[in-house]
Amino acid sequence: MSHPVYLDNAATTPVDPRVRAAMLPHLGGRRGNPSSLHASGAAARECVEEGREQVAELVGALPEEILFTSGGTESDNLAVLGLGRAALPARRHAVVSGVEHAAVRESVRRLEREGFEVSWLEVDRFGMVDPEELADAVRPETSLAAVVWANNEVGTVEPMEELAKICAEKGVALHADAVQAAGRLSLDVGRIPISTLAISGHKLYGPQGVGALYVRGDTSLEPSLLGGGQERGLRSGTENVAGIAGLGAAARLAREELEERVRHETRLRNRILAGVAEIPGVHMNGHPEKRLSNNLHLTVDGVEAEGLVLVLDALGYEIGSGSACASGGHKASPVLLAMGRDEREAFSSVRITVGKDNTPDEIEGFLEAFSQAVARLREISPLYTPMES
Amino acid sequence: MSERYRPQVIEHLVRPRGVGELADPSGVGESGDAACGDIARFTVDVEDNAVSGVRYKVYGCAACIAAASALAELVEGRHLLAAARVSRADLEHSLGGPLPQGKEHALTLVLDALHSAFEDHLNREGGSSLVEGGTSSAGATHDNGVVAAMSGGVDSAVTALLLKEAGYQVATVTFRLHDGERGSRSCCSPDTVLFARDTAHRMGLPHFTLNLKELFGQRVMRDFVGAYQEGETPNPCVACNAHVKFHAAAFLADKLGLYHVATGHYARVAEGPSLARPVDGDKDQTYVLWPVPKELLARTIFPLGEHRKTEVRKIAEKRGLAVAYTPESQDICFIPDGDYRSFVRKKVRAEPGDVVDLGGRVLGRHAGVVDFTVGQRRGIGVSAPTALYVTEVRPSTRQVVVGRRRDLEVSEILVRDMNWFLLPEASRFVQVRYNGAPVPCEIEEGETKGEWIARFPEPVVGVAPGQSAVFYTADGQRVVGGGIVSRRTP
């Protein structure tokens, strides 16, 4: 059987062959701990610093403002917990959007249990945060705000520039989860005054298990990992040299190819949107324009997401489910619920995310498979009666 | 995130069997709802006890769809008795093994929907007999088939097991009697029903349900409230045995072509047929079984009548029945908290009245006659030098009459609504309370036809109108017959 067509690039992206090439020397031939004084150590250090420069360039930061982590979740955890725990006792209040990735949401909940007060910002039906609401929610004791730059589920891009300016004016540290945004939006922290920003390797055609956190120079963070004091003492532990080499290469490619990738993804995504629009009872979630180039999030009336994902899988197309199955005792996506969707809609939602390597032919094949799968599952569903046409 | 599905699940998901809805089904059943997330709807055609058609629709995860498909495949064309035996384990087997953790609910969901469709079919067949009551016409001949009523508790489970081991062809049935079942939810059947089904299936027995809520509501719950309004003290178990449980079991037996019915009561059926006390005197339930019609008693088996309760628990433990550890149920089933006063108060408006003594002198006020039963000592709200007891409740004048203990003594009672198993003349003892001891008596027919007078050589205390009077033979072992103690005195 031929390879399945992969349309779940928001879950993870395949490693670019050029990234792989950058990593391979560190997975065999080369050796050395970046902290060692000898030549091998120095070579490894050089490689780590090169990666740091490449990541810094992608987000418009200084190299010394980048630190490496094990991925997006660790970056989000370190930023939120680190900012919160470093806050003065009189400033233990946070403002957080209701559509955060779990890595941010759960870190904020941890702060809440540690005595933080949190104001959760509502979003509109597109999942968009209103900058005015953020401004209203900020109090004199607010030390921290967190808003996802581009939503990992529905793809909505938040008005980060406005949000960051409000936070900067009010002296509030803003953390932005840019795991999905990196490589698709221009993330210039030189222009947009964000305090911390999280990035992940494997959403950028880099390897899994490596990420980065941008920390603005004047920001104080309480570290979570303690030990040898690597990464400016903020993230102890021997650096993942191969991973960092991969992330660095991926960041460089993302910067160089950003426009081309976005153009390609947008074209494919729009083709899917046009195709599925012909199927009745299929609705797009998230903002119609202000959205990631690769993301299409759909609610398919009368069809449970898991069945749709697995039928498509059987047909050779891999997509993501919006929310986990109710039978599994899982909850509906808090993001969709925050956008005003009900549980049924949440359970009927899937996420299709294209990537730089998808082709127009694959998309045409997908559209055929998708309408076939939807029709088949609707035949089974007691909740869908076709409208008279 | 979650384990992967087996290929058999994916196969059923991608190529589901028997999807759709029958145009004119004989039964429709649904399980699950929006709150649960998943919904399964089955339509069935049952002809001559064979499942001639089955179609389903499912909204739910892949496991739900696959389970529905596998279930349809397993029951299509089968005899109802075989179809009703298909278990969670059978479904698992045809899906290649256990479902991923957290997905097991799919099996329960689709089985519940199919069984609800069977229930709908049977309820439609039963028509008014399952709504208004009355006996159905027995069509089956004497054979070794039996319908065993199954509540999910240890007694009924062991009943079914003993019958199976004795070589009977057993079908089990759980009755839906009211909406207050333990573990009730808006979506699936209450836990008690699911548990009973699972218990039956683990024994390899078919399981059915019948919806008797209307019948039970009218003949048991409404009459229960009505009795209090009449100043009587009802016994709902007696009413259920008189009108609901045995009739419904016999109806199902007739439908399935099985002769016998069985319950987990502690009693025995002796020649006549008549009722006889069980081996375990402490668990004796003959007092509440007197109203079972003779023609139904003739078809009834009480396997537990031959066993002591301690043995029954041991049997359950030894056979690994999960019910072995369920606690004893004591309360009135539709009033699980035991607070029958509040239950009655919710149904009727209580009007205040006078508390009077035997001479008619007003001693105080009360909030409603439904709060009182004859023999009651607590909560009268009148202080007196000696303890006061309720001796009579008079709903027409809203009076509660109180007196001393000896004022409760009666030397004769009038009994109505008789059901005789033996010649009335055989009566030598009468029992007037569930846990009371039988007392010697002599009986004679009352002035009104069908009413009997029981006379006690020694006065008896605490006879409440509405309770049962059950007559026993000279050896005290067999029930001659029974009736309801009337408010009127002879």
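This briefing covers chain A, several helices of chain B, and a few single residues in both chains.

The model is predicted; local features need pLDDT of at least 70, side-chain atom pairs count only at pLDDT 80 or more, and totals for chains, interfaces and linings use all residues. Residues are numbered from 1 along each chain as its sequence is written, while chains are lettered from A and ligands numbered from 1 in the order in which they are written. Helices (H or I, at least four residues) and strands (E, at least two) are DSSP runs, numbered from the N terminus.

**Chain A overall**

- Chain A holds eleven helices and 13 strands.
- Its radius of gyration is 21 Å, close to the 21 Å that the globule rule gives for 389 residues, so chain A is as compact as a globular protein of that length. The radius is taken over C-alpha atoms, and the rule is 2.2 Å times the number of residues to the power 0.38.
- Along the principal axes, the C-alpha atoms of chain A fill a box of roughly 70 × 55 × 35 Å.
- Of the 389 residues in chain A, 54% are buried. A residue is buried if 20 or more other C-beta atoms lie within 10 Å of its own, exposed if 12 or fewer, and partly exposed in between, with C-beta atoms placed from the backbone.
- Take the contacts in chain A between residues at least 6 apart in sequence: 74% of them join residues at least 24 apart. Two residues are in contact if their C-beta atoms, placed from the backbone, lie within 7 Å.

**Helix α1(B) and its two partners**

- Helix α1 (residues 7–14) and helix α2 (residues 62–75) of chain B have axes that come within 8 Å and cross at roughly 80 degrees. That makes α1(B) roughly perpendicular to α2(B).
- Axes are lines fitted to C-alpha atoms, for helices over the stretch in contact, and angles run from 0 to 180 degrees between N-to-C directions. Angles under 35 degrees count as roughly parallel, over 145 as roughly antiparallel, 65 to 115 as roughly perpendicular and the rest as oblique.
- From α1(B), Val9(B), His12(B) and Leu13(B) meet residues of α2(B), including Ala62(B), Ile65(B) and Ser69(B). The residues of this contact divide into seven nonpolar, two polar and no charged.
- Nonpolar here covers Ala, Val, Leu, Ile, Met, Phe, Trp, Tyr, Cys and Pro; charged covers Asp, Glu, Lys and Arg; the others, Gly among them, are polar.
- Gly307(A), Leu310(A), Val311(A) and Ala314(A) of α8(A) make the contact with Ile10(B), Leu13(B) and Val14(B) of α1(B). Six of these residues are nonpolar, one is polar and none is charged.

**Buried helices of chain B**

- Helix α6 (residues 154–165) has twelve residues that should span 16 Å at 1.5 Å a residue; its end C-alpha atoms are 16 Å apart, which agrees. The expected span is 1.5 Å times one less than the number of residues.
- Ten of the twelve residues of α6(B) are buried, so the rest of the structure largely encloses this helix. Among them are Val154(B), Asp155(B) and Leu163(B).
- The cover over the buried residues of α6(B) includes β4 (145–149), β5 (169–176) and α7 (191–202) of chain B.
- Gly167(B) follows α6(B), with a positive phi near 95 degrees.
- Helix α10 (residues 245–256) should also span 16 Å; its end C-alpha atoms are 17 Å apart, which agrees.
- In α10(B), twelve of its twelve residues are buried. They include Lys245(B), Asp254(B) and Lys255(B).
- Just after α10(B), Gly257(B) takes a positive phi of about 75 degrees.

**Buried loop residues**

- Gly37(B) sits in the loop between β1 (27–31) and β2 (39–47) of chain B. Gly37(B) is buried, with 27 other C-beta atoms within 10 Å.
- Arg92(A) sits in the loop between α3 (72–86) and β3 (93–97) of chain A. Arg92(A) counts as buried, with 20 C-beta neighbours inside 10 Å.
- Leaving aside neighbours within four places in sequence, Arg92(A) contacts residues including Glu117(A) and Glu141(A).

**Backbone details in chain B**

- A cis peptide bond joins Gly272(B) and Pro273(B), with omega about -5 degrees.
- Arg398(B) is not a glycine, yet has a positive phi of about 55 degrees. Arg398(B) counts as partly exposed.
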